Number of protein chains: 2
Amino acid sequence: MWMAELAARSGLSVPTIKFYLREGLLPAGAASGATRASYDETHVRRLRLIRALTDVAGLRLETVHQVLDGIDGAGSWHEAVGAAHTRLAGPATEAPSSAALALVDQMLELQGWQLAPGHPYALALARALDALEQVGHPLNDHKLFFNANALRPIAMQEVLDVHSDEHGDAIEADVEAAVIGTLLTEPVILALRRIAQENFSRGLDDPEDDGPADMRMSRK
Amino acid sequence: MWMAELAARSGLSVPTIKFYLREGLLPAGAASGATRASYDETHVRRLRLIRALTDVAGLRLETVHQVLDGIDGAGSWHEAVGAAHTRLAGPATEAPSSAALALVDQMLELQGWQLAPGHPYALALARALDALEQVGHPLNDHKLFFNANALRPIAMQEVLDVHSDEHGDAIEADVEAAVIGTLLTEPVILALRRIAQENFSRGLDDPEDDGPADMRMSRK
């Protein structure tokens, strides 16, 4: 397909696509004469991924670049997903406390999970625990273990989905699905948790309350 | 206590605290002479909350202002938490599709949850579903219902914790705990989900793999 169709299919403008080509985010098309190039489905899918990472996940272009490099340089499904995940975790900032790291290790052992020492996710989790501790609302070991357990079925279902989806060309499409699933499903998880909290907290605050005020009024 | 002690207790610098006073984020202390003011525990707690919202949750100062206004203007526990939550959801951007809104309504009904029409959390959830749809990875109804169910125990435990915690002065401290719990526990939830995904995906990719490469090597 030519540039115009690529723009229509991806939902991006021609100048934006040309910018991504110049920046090396999108591989060049197949040369067709001196000034034209033709593009295929891999270009459409790559542009959709870039759009998802920038517009929806809110990543900076530099981070998008690193995520794409991770996908392109990977040799196996898990290696590619892992490389993308590592880059999604962002650069390490403050080092977490050894108490938080020990708690994370204990959680991993209880769940039967393993992470390479210093894995960005373990560090991110430990830093999040430190942050709660610092504001005087520590998350104790029982709550951490409980939450890890509760999240198992969600994560398992997501991984099975990506593995079982039918994709045209193996690894790249799987990794894109995994990255999109991880990033773009995060707002869904967080919104569901907040909605559930909102409802449980209303129920505890006033057991007689059978809904928000404006819903009750609409029933009169 | 004087300003110097307030700085030491809150972990913030004196110029920063003075800036928050000028901006109206922190209530003035009790005047004690022409140039001095004395502060109490409510000031310490408020500064810790501001620090958590800016440094850890990464909110802009304008949003912090709105969250604090919501807390200060509330008349009951649930109203205060609700007001803070509404502001945490951020301003409405694009309107979600009616298909996504219908899916959210169906999920709420199945769970026995109620939200006022147009509640920011329902809109946020619907927009997140639209985003997944737009990149070609829609979250179907079964997966949404499944995730809502899986998050119930996490949310219930969190709400019970806030309700049962001992706080000095009722509503304000409870709301602070709820806001901090909601915002600062989000990175914990997301990190746990990613760690679980990473482990399940490794297990599916290579059932013989018993850990990351560098952990296997260290056992030799």
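**Salt bridges and a surface patch in a predicted complex**

A:Glu186 is buried, its relative accessible area being 11%. The model in which this residue is described is predicted. A:Glu186 takes part in a salt bridge with B:Arg194, with a distance of 2.8 Å from N to O. This pair crosses between chains: B:Arg194 is located in helix H9 of chain B, and A:Glu186 in helix H9 (residues 170-205) of chain A. B:Arg194 likewise counts as buried, because its relative accessibility is 9% and the limit for a buried residue is under 20%.

A further salt bridge joins B:Arg193 to A:Glu158, where the closest N and O atoms are 2.9 Å apart. This pair also runs between chains, from helix H9 (residues 170-205) of chain B, which holds B:Arg193, to helix H8 of chain A, which holds A:Glu158. Both B:Arg193 and A:Glu158 are buried.

Within chain B, the side chains of B:Arg9 and B:Glu41 form a salt bridge with an N to O distance of 2.9 Å. B:Arg9 belongs to helix H1 (residues 3-10) and B:Glu41 to helix H3 (residues 41-56) of chain B, so the pair ties together parts that are 32 residues apart in sequence. B:Arg9 is partly exposed, at 31% relative accessibility. B:Glu41 is also partly exposed, with a relative accessible area of 42%.

A nonpolar patch on the surface is formed by A:Met156, A:Leu160 and B:Leu204, which together have about 220 Å² of accessible area. A:Met156 is placed in helix H8 of chain A, a helix that covers residues 141-164. A:Met156 has a relative accessible area of 30% and is therefore partly exposed, as this class lies between the limits of 20% for buried and 50% for exposed residues.

The average pLDDT of chain A is 79, and 75% of the residues score at least 70. Over residues 213-220 of chain A, the pLDDT is below 50. This stretch has 11 contacts in the model beyond near neighbours in sequence. For the complex, the predictor gives an ipTM of 0.70 and a pTM of 0.70.

Notes:
Residues numbered from 1 in each chain as written. Chains lettered and ligands numbered in written order. Predicted model: local features only at pLDDT ≥ 70, side-chain atom pairs only at ≥ 80, totals over all residues. Heavy atoms only, no water. Patch = residues over 30% accessible without salt bridge, like charges linked within 9 Å, V, L, I, M, F, W, Y side chains within 5 Å. Areas by Shrake-Rupley, 256 points an atom, 1.4 Å probe, with all protein chains shown as cover. Salt bridge = Lys/Arg side-chain N within 4 Å of Asp/Glu carboxyl O. Helix = DSSP H or I, 4+ residues; strand = E, 2+ residues; numbered from the N terminus. Buried < 20%, exposed > 50% of the residue type's maximum accessible area, 1.4 Å probe, protein only. pLDDT = per-residue confidence, 0-100. Contact = heavy atoms within 4.5 Å.
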